[in-house]
Structure formats: structure tokens, C-alpha cells
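Hi everyone, thanks for coming.

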Amino acid sequence: MKKLTVLLAAVLMLAACGKTEESVKGTGESAKNDKGDYATAEIELQGDKVVSISLDEIKDGKSKKELGSKYGMKNAGASKIKKEWDEQVKFLEDYIVKNGLDKVELTAEGKAKNDDVLAGCTINLTSMMEAANAAKVDADK
């Protein structure tokens, strides 16, 4: 009986050591511009680590992410890296999950300072990063 009790205690201790932090979710929005356009973010954190993030911008009442290639950025020649808006945001989301929200630095014009971000995302990030940071604050509550 004593061996069983010791074994059970050891198993419980190992289980407690392997326990991971629960994830928390948050949502956020940027301020609306003079046209009523804004960005949204949904984030999932496990401790301080971003495990998932979804960013979007609402322009003229429509989700740019849902528009996908119909947004027309690539075909209009507006993308120097030949990527549509939703492709660039997917790159940014993956970057944030891998490197963290605080690793995305912006210029005064709202573009990424980081060359590794600029390799796949050259769009203005001001409103999306505002929404992402608001979502993180919401998740931390």
C-alpha cells in the first residue's frame, strides 16, 4: 500500500510539472478613420506567447480578408512584392506567432521597420497593430 501511495504521489507531481498555462483569448479594434474604416484583431495567448492571431481591416463596410484576391491590390500593381493584401496579412500573422507582437516595429508612415517583415508585408500596419495590441490587453484582463 505504501508503494502504491508513493507511486501515485510521484505521478501526480509529474503531471503538475508538465501542466501548461491555459490559453486566453482577446479581441480588439482600432479607432475608425474619417471614412469609418478600422482594423480588427483576435488573439490567443498562452502566457506571454501569441499562439494565434487573426487580423483584418474593414473598408467601406467590407472585410479585406474576405475579399481576398477581389481586393485587387496585386492586379492593380499596388504591391511591390506582388502579394495581395490577404497574403501579406497572413505573412504578418505568421511572423507575430513565431516572433511575438512586440517584434513588429513601425516607421512613422506605418510600414514595418523590420526587413524580415518587409520581405512579405509592405502594407500600412498602423491600424492592425493598434487592434492587435488592444486584443492583447483584452486577453490579459
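Before I show you the open space in this protein, a word on what I mean by a pocket: it is an open set of grid points with protein on both sides within 12 Å along at least five of seven lines. Please also keep in mind that this is a predicted model.

So how much space lies in the largest pocket? About 180 Å³. Its lining includes Ser30, Ala31, Lys32 and Asn33, along with Lys35, Asp37 and Tyr38. Glu57, Ile58 and Lys59 line the largest pocket too, as do Lys64 and Ser127. Which element gives the most to that lining? That would be strand 3, with three residues.

Let me step back to the overall layout. The protein has five helices and four strands, and along the sequence they come in the order α-β-β-β-β-α-α-α-α. Of its 141 residues, 33% count as buried. If you take the contacts with a separation of 6 or more, 46% of them are between residues 24 or more positions apart.

Now to my favourite part, helix 3. It runs over residues 85-99, 15 residues in total, and reaches 21 Å from its first C-alpha to its last, close to the 21 Å expected at 1.5 Å a residue. Which of its residues are buried? They are Trp85, Gln88, Val89, Leu92, Glu93, Tyr95 and Ile96. These cover an arc of only 160° around the axis, so they sit on the same side of helix 3. As a reminder, an α-helix has 3.6 residues a turn, so residues three or four places apart point the same way.

And what do the buried residues of helix 3 pack against? Their partners are strand 3 (49-59), helix 2 (64-67), helix 4 (115-118) and helix 5 (126-140).

One last residue before we chat. Ser79 lies in the loop between helix 2 and helix 3. Is Ser79 buried or exposed? With a relative accessible area of 5%, Ser79 is buried, because the cut-off for buried is under 20%. Leaving aside residues up to four places away in sequence, Ser79 touches Met73, Lys74 and Gln88. With Gln88 there is also a polar contact of 3.3 Å between the two side chains, and Gln88 is one of the buried residues of helix 3.

That's my tour, and I'm happy to take comments.

Technical notes: Residues are numbered from 1 along each chain as its sequence is written. This is a predicted model: local features need pLDDT of at least 70, side-chain atom pairs count only at pLDDT 80 or more; totals for chains, interfaces and linings use all residues. Side-chain values use heavy atoms; hydrogens and water are left out. Helices (H or I, at least four residues) and strands (E, at least two) are DSSP runs, numbered from the N terminus. The expected span of a helix is 1.5 Å times one less than its number of residues. Buried means under 20% relative accessible area, exposed over 50%, partly exposed in between (1.4 Å probe, protein chains only). The arc is that of the directions from the helix axis to the C-beta atoms. Contact means heavy atoms within 4.5 Å. A polar contact is a pair of N or O atoms within 3.5 Å; within protein, one must be able to donate a hydrogen and the other to accept it, and residues adjacent in sequence count only if both atoms are side-chain atoms. On a 1 Å grid over the protein atoms alone, a cavity is a set of points where a 1.4 Å probe fits but cannot get out, and a pocket is an open set with protein on both sides within 12 Å along at least five of seven lines; lining residues have an atom within 4 Å of a point. Grid points are joined across faces, edges and corners, and a volume is the space filled by probe spheres set on the points.
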